[in-house]
Structure formats: C-alpha cells, structure tokens
Amino acid sequence: MKNKQKTQPTKKRILMYYLILAACLLVIAAITVGVLFGVKPADNSPTIDSGSTEEPPVKEPDDEPTVDTSSKYEFISPIENVTVSQAHVFWHNKTLNIFRLHQGMDFACDAGTEVFATVDGTVKSVYTNDRLYGGMIVIEHADGVTTVYKFVDPSETLRAGSTVNRGDVIGTVAVATGVENADGDHLHFEVYKNDKIQNPDLYLKLISK
Ligand SMILES: [Zn+2]
C-alpha cells in the first residue's frame with residue numbers, strides 16, 4: 001500500500017514537471033515572439049506619425065518655371081545690322097568723364113534707324129524728352145523681364161499700355177543726346193530681370209566668345 005501510494009504521486013510529479021517545462025517553454029517562446037515582433041511596431045508607430053507630419057514639407061519644393069525658353073520669348077536684335085559699340089562692362093563715359101559699369105549695350109547707328117521690340121511685351125512707359133536720355137521706352141515682358149531703349153524718338157502711336165510684338169517698330173534712333181552724347185548717334189539698350197540689371201548679351205547673344 002505504501003509503495004502504491006508513493007509511485008502514483010511520483011508519476012503525477014513527473015507529469016507536472018513536463019507540464020511546467022512545457023509551460024515555461026511556451027512562456028519563453030511567447031516572450032521571444034513578443035520581443036521580436038512586439039517592439040518593432042512600437043518603434044514604427046512614432047515613425048509613421050512623424051512621417052505623416054513630414055508629408056506637407058515634401059510637397060513644398062515644387063519646381064516653379066522660371067524662364068520660358070519657347071521661341072515666343074526669344075530675343076531679336078533691337079536694330080538691323082548690329083554693331084556693338086559698347087558692351088555691358090566697366091567703362092569710361094566720355095560725356096560725363098567718369099568710370100563706371102555700362103548699364104546696357106550700345107549699338108552704333110545713324111539717327112533715324114528703326115528700333116524694334118526685342119520680344120513680345122507691354123509698354124510700361126514712354127519718355128520723349130528725358131533730361132538724361134532724351135527719348136526712352138520701357139517695355140515689360142514675361143517672367144519679370146523688362147527692356148529699356150534709350151536715346152530714341154518713340155513712335156507717335158506708342159503709349160503706356162500698348163501691346164507690342166517681337167519685331168514691331170517702336171521708334172527710331174535719335175540724334176546723339178543726353179549722358180552718352182559724346183559717343184555719337186547710337187541706341188542704348190538695357191535688360192532687367194525682376195528689377196535687377198542684366199547683361200543684355202545673355203539675352204541677345206551678339207558678342208561671340
Ligand atoms: Zn550706353
């Protein structure tokens with residue numbers, strides 16, 4: 001009787017040990033799975049949140065079109081038979097006897113030579129008797145570009161607000177006058193981009209390099 005009583009509990013104990021062992025293995029397996037797969041989503045969740053907040057800045061750097069390079073905006077020379085007498089460089093103004101950057105580009109030609117709109121645009125202002133430049137025409141174009149024609153006799157029909165097309169005659173070269181009269185008859189031509197002076201040659205490409 002005593003033996004039977006002792007052997008039965010022993011078998012139960014062995015079974016219990018196996019069950020406990022199995023339970024421990026399950027717990028260890030569960031913890032391992034939890035560590036491997038449970039932590040990663042915890043790390044990812046803040047990343048997903050920050051990702052959603054970063055989405056708007058990603059949309060910001062849109063490439064805005066700057067200069068339309070289609071033929072519509074190609075410049076032509078403001079006069080025929082171009083002779084560049086003064087480029088957009090540091091120079092000596094003989095009339096004023098000072099050294100400074102020549103704001104534009106000079107084209108030597110006889111008074112009366114026709115002056116063309118270099119590209120499509122809208123006339124901003126027309127001066128017929130400017131103290132420094134005599135006659136002067138300012139035309140606004142696409143993309144913040146403005147052209148200025150100095151020492152000219154503007155066409156009588158030209159008014160502020162007039163629409164001009166590339167090649168339209170906007171006036172004629174005047175007899176030498178104003179702050180560059182010592183250089184003789186010529187057209188002084190300037191280009192601005194967003195009100196900043198530009199080298200006209202970048203738009204006209206007249207000077208071979
Ligand atoms: Zn000039």
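Guide: Helices (H or I, at least four residues) and strands (E, at least two) are DSSP runs, numbered from the N terminus. The model is predicted: local features need pLDDT of at least 70, side-chain atom pairs count only at pLDDT 80 or more, and totals for chains, interfaces and linings use all residues. Residues are numbered from 1 along each chain as its sequence is written.

Visitor: How many helices and strands does the protein chain have?
Guide: Both kinds of element occur in the protein chain. The count is 2 helices and 13 strands.

Visitor: Which loop holds Asp183?
Guide: Asp183 is partly exposed, because 17 other C-beta atoms lie within 10 Å. The cut-offs are 20 or more such atoms for buried, 12 or fewer for exposed, and partly exposed in between, with C-beta atoms placed from the backbone. The loop that holds Asp183 runs between strand E11 and strand E12 (186-193).

Visitor: Which residues does Asp183 touch, not counting those up to four places away in sequence?
Guide: Contact means C-beta atoms, placed from the backbone, within 7 Å. Asp183 and Asp106 are 77 residues apart in sequence, yet their C-alpha atoms are 9.4 Å apart. The residues touched by Asp183 are Ser85, Gln86, Lys94 and Asp106.

Visitor: Which strands stand at the edges of the open sheet of 3 strands?
Guide: The order in this sheet is E5-E11-E9, with antiparallel pairing. Each edge strand has a single partner strand, so one side of each is left without a neighbour in the sheet. The edge strands are E5 (114-116) and E9 (152-154).

Visitor: By how many degrees are neighbouring strands of this sheet turned against each other on average?
Guide: The angle is taken between axes, which are lines fitted to C-alpha atoms, for helices over the stretch in contact; angles run from 0 to 180 degrees between N-to-C directions. For this sheet, direction is ignored. The average turn is 40 degrees.

Visitor: Which residue in E11 stands opposite Pro154?
Guide: E9 pairs with E11 (residues 169-173). The sense is antiparallel, over 3 bridges. Opposite Pro154 stands Gly171.

Visitor: Which residue in E7 is the bridge partner of Asp130?
Guide: E6 and E7 are antiparallel, with 6 bridges. A hairpin of 3 residues joins the two. The bridge partner of Asp130 is Gly134.

Visitor: What is the bridge partner of Gly121 in E10?
Guide: E6 (residues 121-130) also pairs with E10 (residues 163-164). The two strands run antiparallel, joined by 2 bridges. Gly121 has as its partner Val164.

Visitor: Which residues are in contact with Tyr149, leaving aside neighbours within four places in sequence?
Guide: Tyr149 is one of the residues with the most contacts inside the largest core. The residues in contact with Tyr149 are Pro78, Val115, Met136, Ile137, Ile170, Leu187 and Phe189.

Visitor: Is Asn81 buried or exposed?
Guide: Asn81 lies in the loop between helix H1 (2-59) and strand E1 (84-86). Its phi is positive, about 50 degrees, although Asn81 is not a glycine. Because Asn81 has 8 C-beta neighbours inside 10 Å, it counts as exposed.

Visitor: Where does Asp143 lie?
Guide: Asp143 has a positive phi near 60 degrees and is not a glycine. Asp143 is exposed, because 11 other C-beta atoms lie within 10 Å. Its place is the loop between E7 (134-140) and E8 (145-150).

Visitor: What separates the C-alpha atoms of His92 and His102?
Guide: His92 is in strand E2 (residues 90-93). His92 has 10 C-beta neighbours inside 10 Å, so it counts as exposed. His92 and His102 are 10 residues apart along the chain, and their C-alpha separation is 8.5 Å.

Technical notes: Two strands pair if DSSP finds at least two bridges between them. Two residues are in contact if their C-beta atoms, placed from the backbone, lie within 7 Å. A nonpolar core is a set of buried Ala, Val, Leu, Ile, Met, Phe, Trp, Tyr and Cys residues joined through C-beta atoms within 7 Å.
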